[in-house]
Amino acid sequence: CVLCGRTDDCPEKYGEKRTYVEYNLTVHYYCLLMSSGIWQRGEEDEGVDGFLIMDIRKEVNRAAKLKCNICKKKGASIGCVAPKCKRSYHFPCGIQKECIFQFMEDFRSYCWEHKPVQKFPDQESSGTSQCTICLDLVEQLPTYTVLKSPCCKNAWFHRECLQYQALSAGIFFFRCTVCNNKDKFQKEMLRMGIHIPEKDASWELEENAYQDLLQCYQHCDIKRCLCKKGRDYNEPDSKWEIKRCQCCGSRGTHLACSSMKSWEQNWECIECRSIFAKAGNYSKQKKRSLATSEKTDGTTCLLEEPSPKCPRQSHGSQCNFLLQSPKIMCQNNLSPCSHLELPASNRVTMSLSPLTSNRNWSQRKKHLRRQRMEVSNVLKELKLQVNTKTTRLNINTENIWNSALKGFRQRKFSPTNTIEIKFTNCKNRSKTNNSAASKHRFFQLLMLHLQNSSLFEGSSAKNLSLDFQAVKENLYFEAGKMIAVSLVHGGPSPGFFSKTLFNCLVYGPENVKPALEDVADVDVAQTIKMIKYANSLSSLQSTVHECYEFLAAAGCLRPITALCDKNVLVNDILIHHVIKRIISPLESFRQGLKTLGVLEKMQMHPEAFSTILCQKPERLSAETICDLFTIHSSSDVNKIEGADFWMGYLQDVESGESVVTLEDILLFVTGSFTIPPIGFDPEPTIKFLHIRYPVGNRLLNCLELPITKTYEQFKKKMEFTIRNTLRVEKE
């Protein structure tokens, strides 16, 4: 290099080393940027990035007269900008002596004596913590090699880690790895000499950067595989579809090989089942209808077979919910319309005595509905922030996470814009026409992916896991942001949070006491059980001795002098493993949930939000569907008995006397087989018209029903239309 005289080629330290043969010139980019006597007088394509060759030679001649105060050699082109300081040095020498070079504004340089330092309040205790980039220990001291985040109290970094992160992320993505703050964080890092290049992130420039994350285990591990096409053959929505173990994800089976029905959602491999059996936590999974299973595409409902029949209620039992709950609005007088009894041949029994017989269950159900209504109102209030400006996300359903991440990270994406989804791998383009249905499907796929991703651990109630790669790539923040956006924009809720995770988010991790059920790691859980159930002091001390390395690494070593010490020790291990170990992902996840003000509302309405974040949506019932739809009809609704036919049909579907399900009906009308926490916009309605077959208008969430003379005709038309429409969509 003509300025520093070194041959080192280290872009991370000295910038790119460039050689210009025509000018007989080699120079380090940072040496050129920081030289005190040269400015960019040319255009970007002139000379060396705007530095004219003539000016560079003048600067070399000027520096040749100055001696470096560090190495004592000539050619010191950089001077300290502090008043009355006359120190000069080469750029590599300045790095060695811990000088500060500010890559902003006037590109100032400060010598080791006048360099800026970070100041901390006296009450802040010193100690050690993790560098949130490399996760190695770092001393909490204001030194040249250690920097503190200006926006997070306990975020510390190695200077070298920060510089590598900045060079990789670029100015658009370089931000605090804990709270995701960008402006305040970048300003402080530039002041402390971190170079943030004006370029796009390295991962944005790399094709198929996330391809490895999308590989799923696809192999049948059953001892006797029945598939003639081999163990690796997988045909979705058939008996040869491969299901992965819901616990470990590293074993699989064809549905037919394990004698499973396609509506069974969960399956455990032999290894996981034996572990659960030893722990006493294993219970056989109950069957679920396919509409509530992991099939996120609602068109996969089994339309060929009727649902398992529920016991019919006696004709004598009385429950008039279907006659009272529908919101029937007559266009002429807006008063509730009376209901005529069906002819004897078409009469359907409308009784729900099991619901009314159990008063406690009924009260609990009403309370749950009140809580979810409260959530709906809160989310509708948050949705007022969403404007009419549209942001389109191009989504590949086969690479849902990769394409969603790319969409959420694009510069023009804003959570306050209206989201429009276009499925890029959709053979039938008509599927992308209805924005609401496409958006429902996208968020359903996204929530399912998050539930099964490496960001969470546990079987059904999940906590955050510790994934170092995800921490580095800021994926926990993105996951929280996606969940917040899904809730406000009409998508489903996750429904898989554990109570411990929810309480950490709402009340803060310092106020939460985890339980043994929160430990997903089998070995750690076994260690805790051995300590917890030790029945003598000697056996407790022996167990602690065997687990010495684990306890030391967790920072939980303590003297054991009495048997009661085990309770404190168990509590320490639980707090470390469930909370302290994942404190960085948790903070990042919380910051993501702050998007659109969702976390703040969670903290204001914790009981209500726990019903949607910690519980799956309740299975649809005839009563739920009946209450969901508002019936708009002409004044002669009593004569055509259309409302009675509709309500009787819902009862038949619920009791298993139909080839379609309640989820199919909802999907046919709205494009979603679940009711989102915020509700539908517009609210679902029903119209009775003189048409041949039912029509589901997903743009308006309107179900247009035909006027028929008999109930049998009505039922036949409903089943024929819904069944075949969903089958065609599926194909």
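The paragraphs below lead through a predicted model of one protein chain, from its overall make-up to a few local details.

Because this is a predicted model, local features are reported at a pLDDT of at least 70 and side-chain atom pairs only at pLDDT 80 or more, while totals for chains, interfaces and linings use all residues. Residues are numbered from 1 along each chain as its sequence is written, and side-chain values use heavy atoms, with hydrogens and water left out.

The chain holds 28 helices and 21 strands, where helices (H or I, at least four residues) and strands (E, at least two) are DSSP runs, numbered from the N terminus. Of its 731 residues, 49% are buried; here buried means under 20% relative accessible area, exposed means over 50%, and partly exposed lies in between, with a 1.4 Å probe and protein chains only. The accessible surface comes to about 37,300 Å², and carbon and sulfur atoms contribute 50% of this; such areas come from the Shrake-Rupley method with a 1.4 Å probe, and for residues only the protein chains shown count as cover. Among contacts (heavy atoms within 4.5 Å) with a separation of 6 or more, 64% link residues 24 or more positions apart.

Confidence is expressed as pLDDT, the predictor's confidence in each residue, from 0 to 100. The mean for the chain is 82, and 84% of the residues reach 70 or more. Helix α15 (residues 475–488) has the highest confidence, at a mean of 95, whereas helix α9 (residues 321–324) has the lowest, at 40. Over residues 281–357 pLDDT stays under 50, although the model has 175 contacts beyond four places in sequence for this stretch. A further stretch under 50 covers residues 428–433, with eleven contacts beyond four places in sequence. Where pLDDT is low, the predicted coordinates should not be read in detail.

From β14 the chain crosses through helix α12 (residues 400–409) to β15 in a right-handed β-α-β crossover, a term meaning that, with the strands pointing away from the viewer, the path from the first strand over the helix to the second runs clockwise. Strands β14 and β15 (residues 418–423) run parallel and are joined by six bridges, where pairing requires that DSSP finds at least two bridges between two strands. One of these bridges has isoleucine 395 and phenylalanine 423 as partners. Strand β15 likewise has a covered face, made up of Ile419, Ile421 and Phe423, and an uncovered one with Thr418, Glu420 and Lys422.

Further along, helix α21 (residues 583–593) is mostly covered, with nine of its eleven residues buried; among them are Pro585, Leu586, Phe589, Arg590 and Leu593. These buried residues pack against β16, β17 (463–464), α14 (468–472), α15, α16 (499–507) and α22 (598–604). Not counting residues up to four places away in sequence, glutamate 457 touches Lys462, Asn463, Leu464, Ser465, Ala520 and Arg581. With arginine 581, the side chain of glutamate 457 makes a polar contact of 3.2 Å; a polar contact is a pair of N or O atoms within 3.5 Å in which, within protein, one must be able to donate a hydrogen and the other to accept it, and residues adjacent in sequence count only if both atoms are side-chain atoms. The C-alpha atoms of glutamate 457 and valine 519, which are 62 residues apart along the chain, are separated by 8.7 Å.

Several loops deserve a look as well. Serine 658, in the loop between α26 (642–654) and α27, is buried because its relative accessible area is 3%, and its side chain joins that of glutamate 719 in a polar contact of 2.6 Å. In the loop between α27 (662–670) and β19 (685–689) lies proline 682, which a cis peptide bond, with omega about 0°, joins to aspartate 681. Aspartate 49, in the loop between α2 (29–34) and α3 (53–63), has a positive phi near 50° despite not being a glycine. Phenylalanine 107 also has a positive phi, about 55°; this residue sits in the loop between β5 (100–101) and β6 (109–110) and counts as partly exposed at 27% relative accessibility.
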